[in-house]
Amino acid sequence: MSDSEWALVRDLLPVPGWLAGRGGRPEGYCHRQVIDAVRYLVDNGIKWRAMPAGFPPWPRVYAFFTRWRDAGLVAELHERLREVVRTGEGRGPEPSAAVVDSQSVKADATVAHASRGFDAGKRINGRKRHLLTDTLGLLLDVLVTPASTTDRDAARILLPAAKKDFRRLTRVWADGGYTGHLADWTGLHLGIALDVVRRPDDVCGFEVLPRRWVVERFFAWLLRSRRLVRDYERRTDTSEAVIRWSMIALMNRRLVARHHQWAASAQAA
């Protein structure tokens with residue numbers, strides 16, 4: 001992280017237990033060093049044991065990663081950054097509309113047979129990332145399943161969890177994979193209107209579809225992180241944590257860029 005990025009994210013970090021009077025011992029390394037190491041791993045797709053010598057030892061970085069994953073701290077930091085980005089764009093902290101879609105990726109040999117499957121439609125043996133984003137393309141929730149899981153079955157898990165966290169959520173756009181009884185189920189049990197955006201039958205080649213392009217662009221953002229080009233993680237919650245770390249880096253850079261634009265505009269005025 002640059003100094004500007006660290007200055008923005010430092011105040012959003014969860015307070016360690018020993019600073020909040022909840023016991024425990026102080027961290028052996030500065031949070032900036034460890035977070036830089038995690039972001040380096042996600043961005044460059046290296047193995048844990050290949051951590052460069054300029055970072056803390058890889059066992060300490062991995063322990064930090066797993067501790068934040070299990071305690072939900074990475075999700076907490078991600079949510080705080082998302083609220084800051086939405087507020088800067090003139091939106092409310094919580095969204096009222098979202099876009100849902102899935103992305104199938106090949107799984108590495110480290111992924112166990114029990115947590116992987118075959119996506120017959122895309123002919124991929126691996127895992128499937130079910131993603132819910134707001135209308136800005138910011139991640140709201142993620143669920144990683146075997147690639148054989150259908151979009152409709154995963155939505156029955158993903159959407160209720162999202163509705164619990166975002167009570168203002170009333171409308172979700174989706175593609176043709178979510179057609180069927182799911183729309184009636186979401187309206188009856190969740191109070192969410194599920195709109196399926198269909199591709200016109202008379203269109204040949206590529207066409208930008210309303211609302212659906214937002215989540216498709218999000219997939220492109222994810223694949224800029226080399227760790228996410230393929231699923232290497234043994235546990236699905238680890239894959240979800242890596243996705244959130246990728247978005248944390250993206251939102252942090254976006255906030256710094258906007259801050260520099262404001263500063264340049266103020267100087268010009």
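**Exercise 1. Sort the residues that line the largest cavity of this predicted model into nonpolar, polar and charged, and say which helix gives the most to the lining.**

Step 1. Begin with the list of lining residues, which reads Arg 129, Val 144, Arg 227, Leu 228, Arg 230, Asp 231, Tyr 232, Glu 233, Ser 239, Val 242 and Ile 243.

Step 2. Sorted by class, this lining divides into five nonpolar residues, one polar residue and five charged residues.

Step 3. Turning to the elements, helix 8 gives the most to the lining, with three residues, and helix 8 itself covers residues 236-268.

Step 4. For the volume, the largest cavity comes to about 50 Å³, and the structure holds one cavity of 30 Å³ or more.

**Exercise 2. Describe the largest pocket by its volume, its central residues and the classes of its lining.**

Step 1. The space in the largest pocket is about 400 Å³.

Step 2. There are 14 residues lining this pocket, and those closest to its centre are Trp 48, Arg 227, Tyr 232, Glu 233 and Arg 234.

Step 3. Counted by class, the pocket lining has seven charged, four nonpolar and three polar residues.

**Exercise 3. Work out how helix 2 and helix 3 are oriented to each other, and which residues bring them into contact.**

Step 1. Helix 2 (residues 31-44) packs with helix 3 (residues 58-71) at an angle of about 85°, and their axes lie 10 Å apart.

Step 2. Because angles of 65 to 115 degrees count as roughly perpendicular, helix 2 and helix 3 are roughly perpendicular to each other.

Step 3. On the side of helix 2 the contact involves His 31, Val 34, Ile 35, Ala 37 and Val 38, which meet Val 61, Phe 64, Phe 65 and Trp 68 of helix 3.

Step 4. Of these contact residues, eight are nonpolar and one is polar, while none is charged.

**Exercise 4. Treat the pair formed by helix 1 and helix 8 in the same way.**

Step 1. The axis of helix 1 (residues 3-10) and that of helix 8 come within 9 Å and cross at roughly 110°.

Step 2. Helix 1 and helix 8 are therefore also roughly perpendicular to each other.

Step 3. Helix 1 makes the contact through Ser 4, Glu 5, Leu 8 and Val 9, and helix 8 through Asn 252, Arg 253, Leu 255, Val 256 and His 260.

Step 4. This contact has four nonpolar, three polar and two charged residues.

**Exercise 5. Find which element has the lowest mean pLDDT and which the highest.**

Step 1. For the protein, the mean pLDDT is 91, and 93% of the residues reach 70 or more.

Step 2. Among the elements, helix 8 has the lowest mean pLDDT, 89, whereas strand 4 (residues 139-146) has the highest, 97.

Notes: Residues numbered from 1 in each chain as written. Predicted model: local features only at pLDDT ≥ 70, side-chain atom pairs only at ≥ 80, totals over all residues. Heavy atoms only, no water. 1 Å grid on protein atoms, 1.4 Å probe; cavity = no way out; pocket = protein on both sides within 12 Å on 5 of 7 lines; lining within 4 Å. Points joined across faces, edges and corners; volume = space filled by probe spheres on them. Nonpolar A, V, L, I, M, F, W, Y, C, P; charged D, E, K, R; others polar. Axes fitted to C-alpha atoms, helices over the stretch in contact; angles between N-to-C directions. Helix = DSSP H or I, 4+ residues; strand = E, 2+ residues; numbered from the N terminus. Parallel < 35°, antiparallel > 145°, perpendicular 65-115°, else oblique. Contact = heavy atoms within 4.5 Å. pLDDT = per-residue confidence, 0-100.
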